[in-house]
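This briefing goes from the whole chain to a few local features. Please keep the sequence and the structure open while reading.

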Amino acid sequence: MTQTQRILVTGATGTVGRQVVAELLDRGHQVRALTRGAANAAFPAGVEVVQGDLTEPDGLAPALKGITGLHLITFGGAAFSPLETGPRILELARAAGVRRVTVLHGGGPTPLEDAVRAGDGVDWTVLMPVEFMANALEWADGIVTSGEVREPFVDRLSAMVHEGDIGAVAAVSLTEEGHGGQEYVITGPEVLTIGDKVKAIADAIGREITLVELTEEQALAQWRTAGLPEDVIGFLLEAYGNTPEVGRTVSGTVEKVTGRPARTFAQWAAEHTDAFTERS
């Protein structure tokens, strides 16, 4: 068991941030959660919630006091724009005595990640997860209302990762030696098609689900009807229609870093049955 440490988690209300918080608590560490909406944030007992905004780094000094590890995201503010404040955040972190920093990769180069990589005086680790299992929640309404999942490229392969495993890798990297200067590609333990994932959800809820394959044109219409911006639609076409090798290759990082196997999609589906069953 590592010595108890105090970790500051930014983006703490997000899909990954909440998992980082939970994993640190499970490992017996003290957690300070940074959020722009501290008054309305709900966290487990024992979490110290502090108000802060990564776009205004000079206000972060009190939140960094006594912190040994810092988890960062690369986007901030109400518009979730790429953060340009990385150098100042790192300067404040070093001055506060922070020893380790993790940064959640934003899908490509970002100014904050560049600043973290270039920073001296701290051990940094870049977390590079592939597709989140939580993305399957986008299917919830269709499964509940019509028993259908409507997707293009149904045979595409994904080594999608349980968001809790991202949190676990972050927690270890923030509290233990040996992870400085590492880029961790984080995947699940298996490579799945959309059909595999739909079957896992159907098994979990005990209900048949029909998979409807859309043409590319039908998918474009569906995404535009949903109000997705054109740049997001372009990203989805590329990611789904031509998934890069890194997104469909099991990395083994979770077991290497945490000492336990990565969680399966079937486990994730069993944990989220409420999302896929009829609401009363």
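The model is predicted.

**Whole chain**
- The chain contains 11 helices and 11 strands.
- Its radius of gyration is 20 Å, close to the 19 Å from the globule rule for 280 residues, so the chain is as compact as a globular protein of that length.
- The C-alpha trace spans about 55 × 40 × 40 Å along the principal axes of the chain.
- Buried residues make up 48% of the 280 in the chain.
- Of the contacts between residues at least 6 apart in sequence, 75% join residues at least 24 apart.

**Surface and charge**
- About 13200 Å² of the chain is accessible surface, and carbon and sulfur atoms account for 50% of this surface.
- There are 22 positive and 38 negative side chains in the chain, and 7 Å separates the centres of the two sets.

**Helix α8**
- Helix α8 covers residues 216–225, and A219, L220 and W223 in this helix are buried.
- In general, an α-helix has 3.6 residues a turn, so residues three or four places apart point the same way.
- E217 and T225 are exposed and sit on the face of α8 turned away from its buried side.
- The cover over the buried residues of α8 includes α9 (230–241).

- T243 belongs to the loop between α9 and α10 (253–258).
- Is T243 buried or exposed? T243 has a relative accessible area of 13%, and because the cut-off for buried is under 20%, T243 counts as buried.
- Leaving aside residues up to four places away in sequence, T243 touches R156, L157, E238 and R248.
- Between T243 and K199 there are 21 Å in space, C-alpha to C-alpha, and the two are 44 residues apart in sequence.

- F153 lies in the loop between β9 (148–151) and α6 (163–175).
- F153 is not a glycine, yet its phi is positive, at about 50 degrees.
- Most residues other than glycine have a negative phi.
- The relative accessible area of F153 is 25%, which makes this residue partly exposed.

How values were computed:
Residues numbered from 1 in each chain as written. Predicted model: local features only at pLDDT ≥ 70, side-chain atom pairs only at ≥ 80, totals over all residues. Heavy atoms only, no water. Helix = DSSP H or I, 4+ residues; strand = E, 2+ residues; numbered from the N terminus. Buried < 20%, exposed > 50% of the residue type's maximum accessible area, 1.4 Å probe, protein only. Rg over C-alpha atoms; globule rule 2.2 N^0.38 Å. Contact = heavy atoms within 4.5 Å. Areas by Shrake-Rupley, 256 points an atom, 1.4 Å probe, with all protein chains shown as cover. Lys, Arg positive; Asp, Glu negative; His and termini not counted. Charge placed at Lys NZ, Arg CZ, Asp CG, Glu CD.
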